[in-house]
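Work through the exercises below with the sequence and the 3D structure at hand. Try each task before reading its solution.

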Amino acid sequence: MTHATAFTPAEIGGLARRIDRPVVLVGLMGVGKSTVGRRLAALLDTDFIDVDEEIERAADRSVSEIFEAHGELYFRAGERRVIARLVEEGHGVIATGGGAFVDPETRALILDRAIAVWLDCDIDTLVERTARRDSRPLLRKGDPRAILTQLKDQRGDAYAEAQVHVVTDDAPHTETALSVLSAIDAWL
Ligand code: S3P
C-alpha cells in the first residue's frame, strides 16, 4: 500500500524523465483507471490514452454495442490489437479496460514494454462507482456486487503480476494519481 506524497514540480519533472516507457493502468472496472490516468498524465506533462475509447473509435461503436453484436471474444481480439499498437506508439499513460491485463499475450507485452500499475480497491467502492454508469456489459449479466467479487477473485493473480501495486480504496482520484507517482518512484 502506498500513501500519497507531496512532490515539488521539479521532483515530478525528474521522475517524468526517468520514466522511459508507457505507464499502463490495470485493474477492475470502477477503480478509476481513466480518471486517475488523465490526472497522472497531466502531472507528468505527457499524453493520456484510454483503450476502450480507442476501441470505440476504431470500431465506430460503443463497447456495449461491440459485445452485443459480436460477443466478448471478438472484443478481446480487438482489445489485444489496440493495446499492442498503443504500447508500440509509446504513449505516456494508457488506461486499459478491466479484462485486458488478464489476457496472457497482452500482459506479457505490457510487462515487457511498459510499467504496469495495478489500481486496487475494495468491492463496496467498485459497486458504488460502477453503478453511476450503465456502460459495462459484463455487469448487466447479474448482480454487479457478485460479478465484481467473482472477477476480483478470478483476476487477482493476473493483476498481481503488475510491477507496481497501488491500493486506492475510496481516496479521491487526484490523491491516487500522487500515490501512483510515489509507487513508481519507489519502484524505478
Ligand atoms: C471490462 C471492463 C471495461 C470494458 C469492458 C470489459 C472487463 O473497461 O473494457 O466492458 O472485462 O473488466 P473498464 O475497466 O474501463 O470499465
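**Exercise 1. Strand pairing**

Strand S4 and strand S5 (residues 164-167) are paired in parallel, with four bridges between them. The model is predicted, so local features need pLDDT of at least 70 and side-chain atom pairs count only at pLDDT 80 or more, while totals for chains, interfaces and linings use all residues. Residues are numbered from 1 along each chain as its sequence is written, and side-chain values use heavy atoms, with hydrogens and water left out.

Task: find which residue in S5 stands opposite Val 117, and which residue of S4 is the bridge partner of Val 26.

Solution. 
1. Two terms come first: strands (E, at least two residues) and helices (H or I, at least four) are DSSP runs, numbered from the N terminus, and two strands pair if DSSP finds at least two bridges between them.
2. Val 164 in S5 stands opposite Val 117, and His 165 stands opposite Trp 118.
3. Strand S1 (residues 23-26) also runs parallel to S4, joined by four bridges.
4. Within that pairing, Val 26 has Trp 118 as its bridge partner in S4.

**Exercise 2. The faces of the strands**

Task: decide how many of the six residues of S4 are buried, and which residues of S5 form its covered face.

Solution. 
1. Buried means under 20% relative accessible area, exposed over 50%, and partly exposed in between (1.4 Å probe, protein chains only).
2. One side of S4 has Ile 115, Val 117 and Leu 119, the other has Ala 116, Trp 118 and Asp 120, and all are buried.
3. Six of the six residues of S4 are therefore buried, and the strand is largely enclosed by the rest of the structure.
4. As one example, Ala 116 has 0% relative accessibility, so this residue counts as buried.
5. In S5, Val 164 and Val 166 make up the covered face, whereas His 165 and Val 167 make up the uncovered one.

**Exercise 3. Aromatic pairs**

Task: the structure holds two aromatic pairs; say what kind of pair Phe 67 and Phe 75 form.

Solution. 
1. Rings of Phe, Tyr and Trp (its six-membered ring) pair if their centres lie within 6.5 Å; planes under 30 degrees apart count as stacked, over 60 as edge-to-face and the rest as tilted.
2. The ring centres of Phe 67 and Phe 75 are 4.9 Å apart and the planes are at 40°, so this pair is tilted.
3. Both Phe 67 and Phe 75 are buried.
4. Trp 118 and Tyr 159 form a tilted pair, with 5.9 Å from centre to centre and 35° between the planes.
5. This pair links distant parts of the chain, 41 residues apart: Trp 118 is in S4 (residues 115-120) and Tyr 159 is in helix H8 (residues 144-159).
6. Trp 118 and Tyr 159 are both buried.
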